[in-house]
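Thanks for asking me to look this one over.

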Amino acid sequence: MSQRFLNPEVLAGMSGLDLIAKTVVDGFVAGLHRSPDFGFSQEFAEYRAYSPGDDLRHVDWNVFARTERAYLKRYRGETNSQLTVLLDASNSMQFTSHGVSKMDYARYIAASLFYLAIHSQRDAAGLVVFDDEVRNYIRPSTRQGQLARLLGGLELAEPRARTNFAKPIDHLREFLRRRGVVLMISDFFGDPPQIVRTIEPLRFHGNEVVLFHVLDPQEVRPTFREPTVLVDMETSEEMEVTPDYAEREYRGKIDAHLADLRTRTRGAGMDYFLLQTDRPLDAMLREYLTIRQGRN
Amino acid sequence: MGFLAPWFLAGMAAVGLPIYLHLLRRHATTPRPFSSLLFFERRQQSSIRHRRLRYLLLLSLRLALLVLLVLAFANPFVNRTAASVAADKLTLVVVDDSVSMRAGSRLADAKRQAASLLSAHGPAERIQIATLGAELHLLTQPSDDDTTRRAAIASIEPGDSRGSFGELGRAVRLMADGLGTPVELHLFSDLQRSKMPPSFTDMVFPANVTLVLHPVVDGARAPNWAVESVTAPGQVWGTPQPGKAVGIQAVIAGYSTPEATRTATLAINGKTIATRMVQVPAGGRVTVPFPSLDVPYGFSRCEVKIDSADALAADDVYRFAVERSDPPKALFVHAAIDSRSPLYVGNAMAAAAQSAFVLQPVTTEQAANLRFSDYAFVILSNVASLPAEVESDLVKYVRGGGNVLVAMGTAAVKRARIPVFGDAVQEARNYGSDLSNGQERFLSIGEIDRSHPSVDKTGNWSDVRFYFAVRVGATDARVVARLTDQTPLLLDKKIGEGHVLLFTSGFDNLTNDLPLHPTFVPFIEESAQYLAGVARTGGARVVDSFVELRGQIDPRETLVGVEIIDPNGRRPLSLTEAATAQSFRLTQAGFYQVRMSNGRRDLIGVNPDRRASNLEVLPTEVQALWRGERSASSPVPPVAPVAVAAAGQAAEPVKKPFSLWWYAMLLVLAAALLESWLASRYLSVQAEES
């Protein structure tokens, strides 16, 4: 059966991130096969002796083969985890070519993940909004009303200034002492070795770091009908570019950049996931969680 | 080089539009925000230069398109010498084959001179051969085949039409307009003065036509006698009666002739009946009476001949046809109480000189048992009521070619609609009572159309008093006569193949006093002849006149074929033409046998137009004027063909403006196509990019 996904432009017509998040998450969770393994708490914790009535699917059959005793695998998720989203709110995130800006798309993604973590997993979730410094920080928590606070933080995150990963991440290392999942959502326009080098320290406390690379389709495959003067949204620099260049050389460069970033990110033990704003949000989430599940 | 409409050059300012679009507007690019220029480089040099080159090509094409369009409207021209356009010149050789060319050896001389002209011209020149009668007939296409041209000239036979220089002018003007190249017109003719149109401008040629006249006669006047006209009835009835002998009158005319005695002969069916010696005054005419026209039953071919012994024999005989038949019957339908109308009409018919209709008066009740096709015509007089089947039969009778005279009267006013005629009775006007308080108690004739056969010889109507008339509703009938208050008195309506004459007053001497006036008898006689179809055909016609074969073709009715046998015994109409032709042109002199669509047979004597009998030649001043020479004071000698050719070669080259409009428009088309192609290529590149 074909899965029907939610067009980002349809989501943009909804009012309220909570509704968007609920629509996205409920929609794609309902479309999945029943599985207990989706979520952020996928790390192995301990074994427990089997007792009648337990789900046989959790029996570790390797141990049973060696010892002829049935043990169940327990997961860390059952002991609660922590999700922190780092949202890039620089000016370049305003760019859009089809109605949904990268910032909007990032908000939807973050809102959906918060909803998934808090409602489905009972995990703590927090938010860091940054550009060249930290503009908003909502501590990860499972308290009552945390989802509303997070969504409010997302609503207030308006793009401005330029991106600078170094300064905010220096601050963040102070906050992210408890192990958890750190999701960084950005367009990552910069030098890939430097980006990876800057972000890599987030892993040192045992955090699982995932880079969500949000790009507009025009940034991946730009098309111009005639020679055009482009203005950089962060530096205000102007440049006259030609359709021929955008057609050939730019595409080569952006492809190389994406490949380099992906390689270096994974080489540093982090996850990398490319999100294009013209693709359905729930499809992207489903794809990401499927990959994550496979990795665990 | 020049411009015929230089004001259009102001449109050249429009070239500023593409310049603005290409050069000025192109720089007004709105900067587009982009998230990061990290991966872009400035590469405008090579790519923009290439694009500019392509734009400049498109720009230059658009500029050229506008400039050429403006030039085309400004109508540029160059002055080309006549020698440069001589290759396009058409030589039109026209040989006059009208009836006057039958005189002496005129046609043979004309053909010989035309053949000499062909020899003088090279075989490579484009020459077209034509003949001139009442119309210009092209015998060949413009051709350089000498054999075809000579064969065409040899095939020219004398015709019977009267030549018309006006028709020559009209036809050559049309040809010259279509060709656009110089035309050298050689006219071989007797240059008869009577061929001139009423207005000289009708025979003037356009500027690119050069007229060379080749007169085939010298300036001397040629004497010619002719039978100018014959007055004879087209039809006689019954056996000749004493005191009612039918005679004819012939007019013998002389043109540029001395006083002479001529012998006039009347021949019927080839047999000479009577001969008269007449003295024809110098350049005058004389009337010759033949008191008795004793023709047998049926159609007779009659001719009046003179022994003129002049050069033109074609006008020495005048042909006409006379038909003798039993007196036709005419049906007079009247109301039972009306005994006055048949009395007056019957007496008028009996008193008529040349009509011998047998009038059969019947009442409306008796008419139901009669077959109308047995009667030459039907008169309905003061009919108050007419049985529906009788009216239906009458309408069929009229549609099939029968004719009806309807006379209204006081009794007929009771009807809302006029029988057979079909139109509604709008108002009955009783002038005796309407105008009782005024001075007039009657009305008179207001106007009368003398061209209608029923009233053309009826004399004076002014004394006739009308006390009563009926006004009919809107009608498509021809009004022949009106009263002084504009009430139509006599109307003629064509229904199918037949006619209905409507007399809106009566014949009973109560509604008017017409039956007591002398004009009543010729009115009844002329109307009877018209209704009987006698006056319609007549016995003689002029060449190139038309004979009406049928009325309006009704697509619902089956087409009945007509038949025509020309003087040579041939049938000139094809089967299709015989089924559809409404008229036929009589092109030859002689006797034509005609069977019309209503079944009536006729014999028509056709004679050449007697205006061609005057062989007087155009004055030399008029000839010079026609040739377009400015000074007509010096006599213009006839120009020999060979001399014309030589003069054409030695003459000063005449410069003529040659318009380049057409070439400019061709270039506009080419530029437009190229521009479209280039622009579409550019757009296709855009499509690929997108």
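**Notes on the two chains**

1. Let me start with one residue pair in chain B: Gln249(B) stands opposite Pro289(B) in S14(B). The strands involved are S11 (residues 248-255) and S14(B), which pair in the antiparallel sense over 6 bridges. Strands count as paired if DSSP finds at least two bridges between them. Strands here (E, at least two residues) and helices (H or I, at least four) are DSSP runs, numbered from the N terminus.

2. A word on the model before going on. It is a predicted one, in which local features need pLDDT of at least 70 and side-chain atom pairs count only at pLDDT 80 or more, while totals for chains, interfaces and linings use all residues. Residues are numbered from 1 along each chain as its sequence is written, and chains are lettered from A and ligands numbered from 1 in the order in which they are written.

3. Back to that pairing, which belongs to an open sheet of 3 strands in chain B, with the order S9-S11-S14 and antiparallel pairing. Its edge strands are S9 (224-231) and S14 (285-290) of chain B, each of which pairs on one side only. From one strand to the next, the twist averages 25 degrees, with axes taken as lines fitted to C-alpha atoms and angles running from 0 to 180 degrees between N-to-C directions.

4. Where do the chains meet? The contact takes 29 residues from chain A and 21 residues from chain B; two residues are in contact if their C-beta atoms, placed from the backbone, lie within 7 Å. On the side of chain A that touches chain B, S8 (228-232), S9 (238-241), H9 (243-247) and H10 (249-267) of chain A each supply at least two residues. S8(A) gives the most to that side, with 5 residues.

5. S8(A) and strand S2 (residues 32-34) of chain B pair in the parallel sense over 3 bridges, and Asp232(A) stands opposite Phe34(B) in S2(B).

6. Is Leu187(B) buried or exposed? Leu187(B), in strand S7 (residues 183-189) of chain B, is buried because it has 24 other C-beta atoms within 10 Å. The cut-offs are 20 or more for buried, 12 or fewer for exposed, and partly exposed in between, counting other C-beta atoms (placed from the backbone) within 10 Å of the residue's own. Leu187(B) and Val95(B) are 92 residues apart in sequence, yet 6.1 Å apart in space, C-alpha to C-alpha. Leaving aside neighbours within four places in sequence, Leu187(B) is in contact with Val94(B), Leu211(B), Leu213(B) and His214(B).

7. Now look at helix H8 (residues 388-399) of chain B. Its buried residues are Val390(B), Leu394(B), Val395(B), Tyr397(B) and Val398(B). They lie on the same side of H8(B) because they cover an arc of only 160 degrees around the axis, the arc being that of the directions from the helix axis to the C-beta atoms. The face turned away from the buried side of H8(B) carries the exposed residues Ala388(B), Glu389(B) and Ser392(B). Among the elements covering the buried residues of H8(B) are helix H7 (364-367) and strand S19 (377-381) of chain B. Just after H8(B), Gly401(B) takes a positive phi of about 120 degrees.
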